[in-house]
Amino acid sequence: MDSLFILEFAIRNLRLHRLRTLLTLFGIVISISAIVFLVSFAFGIERLVTKEVTGGNAFLLLDVGTGNSQIINLSESTMSSIKNISGVKDVYGITGVGGRVVKDDNSMDISFYGSDLGYLNKSGINPIKGALLSESGDEILVNSKLLSFLGLTQSESIGKTVSLDVIIPKEIIDKDENLNLSSQPFKIVGVINDDSAPKAYTNSSVLKKYGASKYNQAKVEVDSKDSVPEIRKQIENMGLKTQY
């Protein structure tokens, strides 16, 4: 059959059935547009997630904890042993203790953390108002939930001194009973955007001066992601748990 005849026949049919032709073209355009949009959206999300993960050097960080063990702990000597493993750049720890803040006739229990500055940095805990903790001094970062209880705005809170009751568990200080510190003054230097449970962070040196000699968790920074399997193996041989 002549190719020219087939082409003319097809064009004649399209002209005779214009509405059907327009609807078909419209459906094709919608379908192609939807496919292009979904593919572009998927690639965009993939790039965003990849950027968020790799941008924070997550591939070079290991989370280390003691799991449910009552024997193994993250003491200073354990932290030093981890730091001496080949391929480990540095180790940062955090210690969680109990806290309570009192305002007028009301009180609120809070999560209170003594953290190495590197741990905050590697965890992406950055203030939206104010500054990071300094190397020393009784300073705290507070989250927006705690700030709401105190009745302060972000601007009003910076430089404000608040009193906290701090309860350090006996396991952290190697004592027979918990250490209760009443009305400890702390200066608010920064606010973090976190509306979960009320919490505050201070420098780990603050808790160490009261005898807190153990960490609850640690972040291990490695020099290469290729060395992660061997480093994890050595850390887990110490009885610790790792997550990558």
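**Cores and overall form of the predicted model**

The largest nonpolar core brings together 25 residues, and those with the most contacts inside it are Phe 112, Ile 140, Val 142, Leu 150, Leu 164, Val 166 and Ile 168. Several elements give two or more residues to this core: strands S3 (88-103), S4 (106-115), S6 (139-143), S7 (161-168) and S8 (179-192), together with helices H5 (144-150), H7 (170-173) and H8 (204-208). Apart from it lies another core, made of 16 residues, among them Val 64, Ile 85, Val 91 and Ile 235.

Val 142, one of the residues with the most contacts inside the largest core, touches Leu 147, Ile 188, Gly 190, Val 191, Ile 192, Lys 199 and Ala 200, when residues up to four places away in sequence are not counted. Ser 157 belongs to helix H6, which covers residues 154-157. With neighbours within four places in sequence left aside, Ser 157 is in contact with Leu 147, Leu 152, Ile 188 and Val 191. Ser 157 counts as buried because its relative accessibility is 0%, where the cut-off for buried is under 20%.

Stepping back to the whole chain, the secondary structure amounts to nine helices and 12 strands. The radius of gyration is 29 Å, whereas a compact globule of 244 residues would have one near 18 Å. Taken along the principal axes, the C-alpha atoms fill a box of roughly 100 × 50 × 30 Å. Of contacts between residues at least 6 apart in sequence, 74% join residues at least 24 apart.

Of the 244 residues of the chain, 34% count as buried. The protein chain exposes about 14,800 Å², and carbon and sulfur atoms supply 54% of this area.

Notes
Residues numbered from 1 in each chain as written. Predicted model: local features only at pLDDT ≥ 70, side-chain atom pairs only at ≥ 80, totals over all residues. Heavy atoms only, no water. Helix = DSSP H or I, 4+ residues; strand = E, 2+ residues; numbered from the N terminus. Rg over C-alpha atoms; globule rule 2.2 N^0.38 Å. Buried < 20%, exposed > 50% of the residue type's maximum accessible area, 1.4 Å probe, protein only. Contact = heavy atoms within 4.5 Å. Areas by Shrake-Rupley, 256 points an atom, 1.4 Å probe, with all protein chains shown as cover. Core = buried A, V, L, I, M, F, W, Y, C linked by side-chain atoms within 4.5 Å.
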